[in-house]
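Let's take a friendly walk through this model, looking at charged side chains and then at a piece of the surface. Please keep the viewer open as you read.

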Amino acid sequence: MSVSDLTIGCADHEDLYQHPLMEDDPGRAASTEQRRIRTALTRRATAICGGCVAVEPCLYRAVVEHDVAGFVAGTTEHQRKRMRKLLALSVRPDDIDALSGAPASGHQVNHAEIVRLRAQNPHMSLDTIAQRLGCSLSTVKRHLRQARTDASAGPAHPHHRTEPAPSHSDVMLAREMVLAPRPQPTAADAEAEAEVADEEAALEDACKEAAAVVAA
């Protein structure tokens with residue numbers, strides 16, 4: 001049985017996974033309300049992915065085969081970047097619509113098509129371009145970013161993987177490492193940090209006193 005034969009959670013919750021705050025994390029620029037909404041959406045999507053029978057192959061594709069944006073297989077784009085760093089992987093950006101259960105637009109939207117439409121309509125908004133092509137706004141943004149990167153890097157060369165692809169177990173282990181809760185600092189840690197800070201302050205005072213003596 002293939003993944004396409006299974007009931008995939010994101011396919012039944014397109015509005016959730018394609019929400020603008022899920023596709024493009026505003027990061028530090030987010031308002032308090034945006035952070036509240038994104039947190040609620042992420043919790044809901046995490047629960048759906050956690051109960052999905054296709055979460056492991058979905059995660060593998062999103063980490064090893066396609067560099068997609070948005071929330072996929074219970075992970076954010078930033079978390080998947082950290083996973084690739086652990087796995088020593090470099091993957092070109094790709095289209096999340098193929099993985100997220102987005103409805104087909106009737107034709108395959110490719111990189112060249114997006115770049116061409118943008119070049120022909122420099123004053124058209126990216127949202128309008130996305131609607132015209134039948135893809136998501138984040139897809140348009142990613143392809144245009146890739147076009148700028150390719151232009152600054154010079155002629156493109158075929159990418160060949162020099163190391164064998166990681167196994168599904170490798171990817172799941174990287175996921176566990178990235179999603180593991182960070183240990184909270186203990187009282188001993190806080191005391192040690194305070195001691196270091198006191199030593200640094202004392203050293204700085206000594207340096208100032210020595211400089212004053214020399215100046216005199």
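This is a predicted model: local features need pLDDT of at least 70, side-chain atom pairs count only at pLDDT 80 or more; totals for chains, interfaces and linings use all residues.

Residues are numbered from 1 along each chain as its sequence is written, and side-chain values use heavy atoms, with hydrogens and water left out.

Side chains of opposite charge can pair when their charged atoms come close. Across the whole structure there are two salt bridges (a side-chain nitrogen of Lys or Arg within 4 Å of a carboxyl oxygen of Asp or Glu). In one, E33 and R36 meet at 2.5 Å, N to O; they sit three residues apart in helix α3 (residues 32-50), about one helical turn. In the other, the closest N and O atoms of R84 and D67 are 3.4 Å apart. Because R84 lies in helix α5 and D67 in the loop between α4 (55-65) and α5, this pair ties together parts 17 residues apart in sequence. Both R84 and D67 are buried (under 20% relative accessible area, with a 1.4 Å probe and protein chains only).

Helix α5 (residues 77-87) also holds R80. R80 is buried yet has no salt bridge, the nearest side chain of opposite charge, E77, being 5.6 Å away. A polar atom of the R80 side chain does lie 2.7 Å from the backbone oxygen of T75.

Finally, L86, L173 and M177 make a nonpolar surface patch of about 300 Å² (residues with over 30% relative accessible area and no salt bridge, nonpolar side chains (Val, Leu, Ile, Met, Phe, Trp, Tyr) being joined within 5 Å and like charges within 9 Å). L173 belongs to helix α9 (residues 168-179).

Technical notes: Helices (H or I, at least four residues) and strands (E, at least two) are DSSP runs, numbered from the N terminus. Buried means under 20% relative accessible area, exposed over 50%, partly exposed in between (1.4 Å probe, protein chains only). Lys and Arg count as positive and Asp and Glu as negative; His and the chain ends are not counted. A polar contact is a pair of N or O atoms within 3.5 Å; within protein, one must be able to donate a hydrogen and the other to accept it, and residues adjacent in sequence count only if both atoms are side-chain atoms. Accessible areas come from the Shrake-Rupley method with a 1.4 Å probe; for residues, only the protein chains shown count as cover.
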